[in-house]
Amino acid sequence: MAAGPAPSGGRSREQMPHLSKMERVVVSMQDPDHGVNMRSQRLLITVVPHAVTGNDIMEWLIHKYCISEEEALHLGTLLLRHGYLYPLQDPGSLVLRPDETLYRFQVRTIYLAKKNIRKHGALADHEKEHHGQLHRKINHMWDLVVMQAREQLRAAKQRRKGDRLVVACQEQTYWLVHRPPPGVPSVLEQAPERGSCTARRVLMTKNADFYKREIECCRRALGRTRVKSSVSLEAYLKFSNQHRPHDPIMSGCLPSNPWITDDDTYWAMNAPRVAEPTQLRVERWAFSFQELLQDPVGRAHFMDFLRKEFSAENLSFWEACKELRHGGQAQVPALVDAVYQQFLAPGAARWVNIDSQTMERTLEGLRRPHRYVLDAAQLHIYMLMKKDSYPRFLKSDMYKALLAEAVIPPETKRRVFPFMWKPRRSSPSPALLPASASGDCAAAPGGPGGGPGEA
Amino acid sequence: MCDQTFLVNVFGSCDKCFKQRALRPVFKKSQQLSYCSICAEIMATDGLHENETLASLKSEAESLKGKLEEERAKLHDVELHQVAERVEALGQFVMKTRRTLKGHGNKVLCMDWCKDKRRIVSSSQDGKVIVWDSFTTNKEHAVTMPCTWVMACAYAPSGCAIACGGLDNKCSVYPLTFDKNENMAAKKKSVAMHTNYLSACSFTNSDMQILTASGDGTCALWDVESGQLLQSFHGHGADVLCLDLAPSETGNTFVSGGCDKKAMVWDMRSGQCVQAFETHESDINSVRYYPSGDAFASGSDDATCRLYDLRADREVAIYSKESIIFGASSVDFSLSGRLLFAGYNDYTINVWDVLKGSRVSILFGHENRVSTLRVSPDGTAFCSGSWDHTLRVWA
C-alpha cells in the first residue's frame with residue numbers, strides 16, 4: 001500500500017504541498033548516514049528489522065530542526081497520523097511515544113518495488129516512470145529498499161511471525177488513517193474544492209481581457225514611485241517602537257488585561273466616550289493625525305480647539321464627507337446636496353476655504369453627484385488640518401493640560417485564590433443601545449444605530 | 001492558441017450557439033455560462049486587435065512582469081532583518097488559552113470581533129453562525145444558514161448586525177435583535193451574489209457597505225440597503241480566498257489574496273488593481289495589513305508567511321521554518337505590529353517577530369486545523385477558531 005493519505009475531494013498532490021514536504025522529511029529520516037538510527041529491534045521474542053524507537057525519532061527531529069521536545073512530539077505525531085510511520089506495538093494509538101516504542105517507515109517505494117519484483121517489471125507506464133524517478137532520486141537507499149521489499153515478499157510467502165506482525169501493523173495503520181474511529185479527526189478531511197492554476201483544473205478562461213488587464217496593471221505599477229528599502233524599513237522600527245507601550249500583548253496594560261484577571265475595568269476606563277482618558281490614550285493623539293481623529297474623545301477635544309480658532313467648519317465638513325462616502329447608496333443625492341448647501345455654496349453658513357482649482361472641479365462634479373464627488377475637497381481640507389491646525393493643537397495649552405490630567409490606572413494583580421476571583425461582568429450588547437449622535441458610528445439600515453457597548 | 005485546459009462534465013445546449021455539445025464553464029464579467037468548445041475559443045479571442053494573439057498578449061504580460069521585478073530590485077538596498085539588528089530581541093513569550101468557546105457542533109471556519117472588544121461572531125461547517133460574549137463565554141445569538149460551509153462572517157462596525165456567507169454564493173446580513181418574538185432569520189437581507197462560494201467578507205467603515213471575495217475570482221463592493229453592486233474587482237486568475245481593508249482615513253484601498261498565488265492591492269473607487277505581488281508558491285489563505293497601513297502580511301499553503309511593503313513595492317520578509325510543513329491558514333498582527341500571529345493546518349499557532357524574522361513562540365492547544373485567527377480591536381488578546389469545533393481566546 002502506498003504511504004501517505006490519498007488526496008480526496010479532487011485536490012491533486014500538487015495542491016497539497018504539505019504532503020510532499022512530509023515525504024521529504026521521511027526520506028531524510030531514512031538517510032543511511034544522517035537519518036534516524038535504524039536497527040533490528042527485538043520485540044519480545046521476535047526480531048524486527050529496520051525499526052526505530054520513538055526516542056530516536058524525537059532526538060533526530062529535535063537535532064535536525066532545532067525545535068523543542070514538545071514541537072518534535074507534535075511533528076512526529078503528525079507523521080504518524082498521516083501514515084508515514086506505523087507503530088509496531090499498540091497499533092491503535094497514533095500518538096508518537098518518546099520512549100522505546102518501535103516504529104517503521106511506510107515507504108511508497110516499497111510498494112512499487114514489490115510490484116516490480118512480483119510482476120518482473122510489468123508496471124504500468126506511469127508507474128515505471130515514477131519507479132525510475134524514485135530510483136534516481138534516492139538510489140543510495142535503493143539497495144535497502146529492494147532488500148526490504150524482497151524480505152516482505154518472502155515473508156508473505158513464508159508467513160514468518162515477525163513479518164506477519166509487521167504486515168498487520170501496517171494494515172491497521174492504513175485503516176486508522178483512512179477510516180478513523182469516531183471522535184478522532186481524520187487527517188484526510190479537506191475543505192471544499194478550490195480552483196487552481198495548476199494543471200488540469202482551470203475555472204476561468206484566460207481570455208484577451210484578462211491579459212490586457214494584467215498588462216495595464218503592470219504598466220501602472222511600473223510608473224509608480226517607489227521608496228528605497230532602507231527608508232521604508234526604518235519606518236517599521238519607528239512604528240513598532242512608538243507603539244510598543246500601547247500594545248497590551250507586548251507590554252501589558254493597566255490596571256490589568258481583562259482576559260487574564262477577569263476584571264474588565266480596563267475596558268470601562270478606555271470606553272469610546274469616557275470623561276477622563278488615560279495617559280497612554282492621550283499620548284497616542286500625538287502619534288499621527290489619524291490616531292487623533294479615530295478616537296472620539298480626541299476628536300471632540302480637537303473640535304473644541306478648532307472652535308477657539310474659528311475653523312471648526314473644516315472638521316465638520318470632513319465628517320460630512322466621510323458620512324457620504326460610507327453611507328447608503330440611497331442617501332447619496334440628499335447628503336451631497338446638504339453638504340453643498342452648508343459648506344460649499346457661496347454665502348454658505350459654514351463655508352470652507354478650498355483652493356479655487358479644487359472648488360471648480362468639485363462644483364463641476366456636483367452636477368452628477370456620486371459618493372466620491374467630494375473626495376478631492378475632503379482631502380484638501382484633511383491636509384489643511386493635518387499640516388496646520390493639528391501641529392498647533394499638539395503645542396497648545398489645551399493638549400498639555402489634557403496630558404497632565406490624564407489618568408494612569410493603578411495595577412491590579414490576578415487574585416490567587418479561586419474564591420476571591422471576581423465574577424465576569426457581562427455588558428450590554430451594542431445591538432441593544434439606543435441610537436447615539438456620533439460622527440464615527442453609522443447606524444445600521446432600518447435598525448437602531450449605536451456606539452459600541454460601554455461597560 | 002488558447003491558454004486553457006478544461007474539465008468537461010456537462011453535455012447540453014450551448015448558451016451561445018444553442019447546439020447540443022459538450023460544455024464547459026466560462027465566465028463573462030461575473031456571470032457563469034456554459035459554452036461549447038468552439039464558442040469558448042471564439043470568446044477567448046474576443047477583443048483581440050489585429051496582430052494580437054493570446055500568446056502574444058501573454059508574453060507581453062510576462063515581459064512586463066519581468067521588467068517590474070527589475071525595477072523593484074533596483075531600490076532594494078537592505079534587508080529587514082539587517083535593519084532590525086539594532087532592535088532588542090524579544091524575551092520568552094507566555095500566552096495561554098484564557099477562554100474556550102464550545103458550542104459549535106462542527107468545524108469553525110471563520111470569526112470576527114465586535115468593536116466592543118469582547119463580542120465575537122463565528123461560523124461553522126454545519127451552517128451555524130453564533131454571536132458570543134467571549135468574555136463571559138455566553139452565547140447571545142445563533143442563526144442557522146440554509147447552506148453548509150459558512151466560510152465568511154463579519155461583525156458590523158456598529159455592533160448591530162452580522163454578515164455571513166459560504167457555499168450559498170451569497171453574503172447575507174442579519175440585524176441582531178434581542179426581541180424574543182422575532183426570528184433572526186426573518187430579517188435576513190441577501191446582499192451579495194457571486195457565481196461561486198463566498199470566501200471572505202468585511203464591512204467597510206460603516207454598516208452600509210460590504211466588501212466580498214469569492215471563489216469565482218472576483219471581489220465586489222455592495223450597498224447593504226439595496227443590494228446594489230457598487231464596484232467589482234477583476235484580476236485574480238483563480239479563487240480569491242481572503243481580503244483586508246487598509247486602515248487609512250484618506251485612502252480607499254484593500255488587499256486580496258487568492259489561489260493564483262497573487263496578492264493584489266485594489267483602489268475601491270476605480271476598481272483597478274494598484275499593486276500586485278506574486279512570490280508565494282501556493283494558495284494565499286489570509287492577508288492582513290500592518291497597523292500603519294504601509295505593509296501587509298500573507299499566510300499561504302506553502303507553509304510560509306510573508307511581509308510585503310507597499311511603499312518599496314516588494315516582498316521584504318519571509319517567515320518560515322523547516323519544521324513548519326503545513327500551510328498557514330490565518331494571520332494577524334499585534335497592535336504595535338511587532339508580533340505576527342499565524343494559525344496553521346498542523347493545529348498550532350506560531351508567533352513571529354515581524355522585524356527580526358524569527359519565531360518567538362509556538363502555541364499548542366487546538367486538536368485540529370486552526371482555520372481562523374484575529375487579534376481583538378484593542379490588542380488585549382487574539383481569538384483562534386479551529387476544525388476541532390472550538391474557539392480559543394489567548395492572552
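**Notebook: chains A and B**

I started with the contact between the chains and counted 12 salt bridges between chain B and chain A. A salt bridge here is a side-chain nitrogen of Lys or Arg within 4 Å of a carboxyl oxygen of Asp or Glu. I looked up one pair: A:Glu234 bridges to B:Arg86, with the closest N and O atoms 3.0 Å apart.

I noted the ground rules. This is a predicted model, where local features need pLDDT of at least 70 and side-chain atom pairs count only at pLDDT 80 or more, while totals for chains, interfaces and linings use all residues. Residues are numbered from 1 along each chain as its sequence is written, chains are lettered from A in the order in which they are written, and side-chain values use heavy atoms, without hydrogens and water.

**Interface**

Next I looked up polar contacts and found 44 residue pairs between chain B and chain A, both residues at pLDDT 80 or more. A polar contact is a pair of N or O atoms within 3.5 Å; within protein, one must be able to donate a hydrogen and the other to accept it, and residues adjacent in sequence count only if both atoms are side-chain atoms. On the side of chain B that touches chain A, helix α2 (residues 54-74) gives the largest share, 11 residues. Helices are DSSP runs of H or I with at least four residues, strands are E runs of at least two, and both are numbered from the N terminus. I sorted that side of chain B into 63 nonpolar, 39 polar and 48 charged residues. Asp, Glu, Lys and Arg count as charged; Ala, Val, Leu, Ile, Met, Phe, Trp, Tyr, Cys and Pro count as nonpolar; the others, Gly among them, are polar.

I then took the totals. In contact (heavy atoms within 4.5 Å) are 150 residues of chain B and 116 residues of chain A. The buried area is about 11500 Å², and carbon and sulfur atoms give 60% of it. That area is the accessible area (1.4 Å probe) that two parts lose on being put together, summed over both.

**Chain A, local look**

I checked A:Leu254 to A:Pro255: the peptide bond is cis, with omega near 0°. A:Pro255 sits in the loop between α10 (248-251) and α11 (258-261) of chain A. I also checked A:Cys66, where phi is near 55°, positive in a residue other than glycine. A:Cys66 lies in the loop between α2 (54-65) and α3 (69-81) of chain A.
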